[in-house]
Amino acid sequence: MRHSPGDPIFYDLFTASAQNLRAGVRVLSEALAPDADRAALVATLKDIEHTGDEHTHDIVKRVNSGTKPPFHRDDIYRLAGSLDDVLDDVEAALDFMVLYRVKDLPTGVAAMVDVLDRAAELTAEAMPRLRTASQLTKYWIEINRLENEADQTYRRLLARIFSGEYDALTVHKLKDVIEILESAVDGFERVANIVEQIALKES
């Protein structure tokens, strides 16, 4: 059964959250440049992550205050939390790069960040269109395709870092960075899955 229309402010809040996430991924992309000041970019990304927390808290507070959401409250919580989780992973990935003092990253890392960049752009475009979630089929299909692409890159990266090319300490550092990037990509797929579920419920 289709839910009755709720407060449209939630669409704006999810749009703001996704746009903020997009900004965070852009900072991570900038950090891969050879001359990037990663320490400064970490500070920028932390500010973006704090803004993301504020968006999430605002969404949850509005639901808990009795403001009627446009779709099920559980889906509101899950969507807000999943967007926040992706940004947390993006921030953690850059933090690891700086804390571990990782300078030279395998080529595949840039490919994974590129997937994150494309997923972030698609997600930012999708959130304002939640009003017509049933028309977002191409969005969640493409996110799923990107996640599969990232999985292949992730496996190749693991094979490379365990090939003997790197010393044991570097392997440990790179593995942490690669795994958190994979987690971020998986997070975008969770967001898309939630949007698909919302569409099915509202159809």
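## Terms and basis

Buried means under 20% relative accessible area, exposed means over 50%, and partly exposed lies in between (1.4 Å probe, protein chains only). The model is predicted: local features need pLDDT of at least 70, side-chain atom pairs count only at pLDDT 80 or more, and totals for chains, interfaces and linings use all residues. Residues are numbered from 1 along each chain as its sequence is written, and side-chain values use heavy atoms, with hydrogens and water left out.

## Nonpolar core

A nonpolar core is a set of buried Ala, Val, Leu, Ile, Met, Phe, Trp, Tyr and Cys residues joined through side-chain atoms within 4.5 Å. The largest has 68 residues, and Phe14, Leu79, Leu94, Met127, Tyr139 and Leu181 have the most contacts inside it. Helix H6 gives the most to this core, with 15 residues; helices are DSSP runs of H or I, at least four residues, numbered from the N terminus.

## Helix H2

Buried residues of H2 include Arg38, Glu49 and His55. What covers the buried residues of H2 includes H1 and H3. Glycine 66, with a positive phi near 105 degrees, follows H2.

## Salt bridges

With a salt bridge defined as a side-chain nitrogen of Lys or Arg within 4 Å of a carboxyl oxygen of Asp or Glu, the count is 12. Arginine 22 and aspartate 117 form one, their closest N and O atoms being 2.5 Å apart. Arginine 22 is in helix H1 and aspartate 117 in helix H4, so the pair ties together parts 95 residues apart in sequence. Both residues are buried.

Within H2, arginine 62 and aspartate 58 lie 4 residues apart and meet in a salt bridge (3.4 Å, N to O). Aspartate 58 is partly exposed because its relative accessible area is 23%.

Notes
Helix = DSSP H or I, 4+ residues; strand = E, 2+ residues; numbered from the N terminus. Contact = heavy atoms within 4.5 Å.
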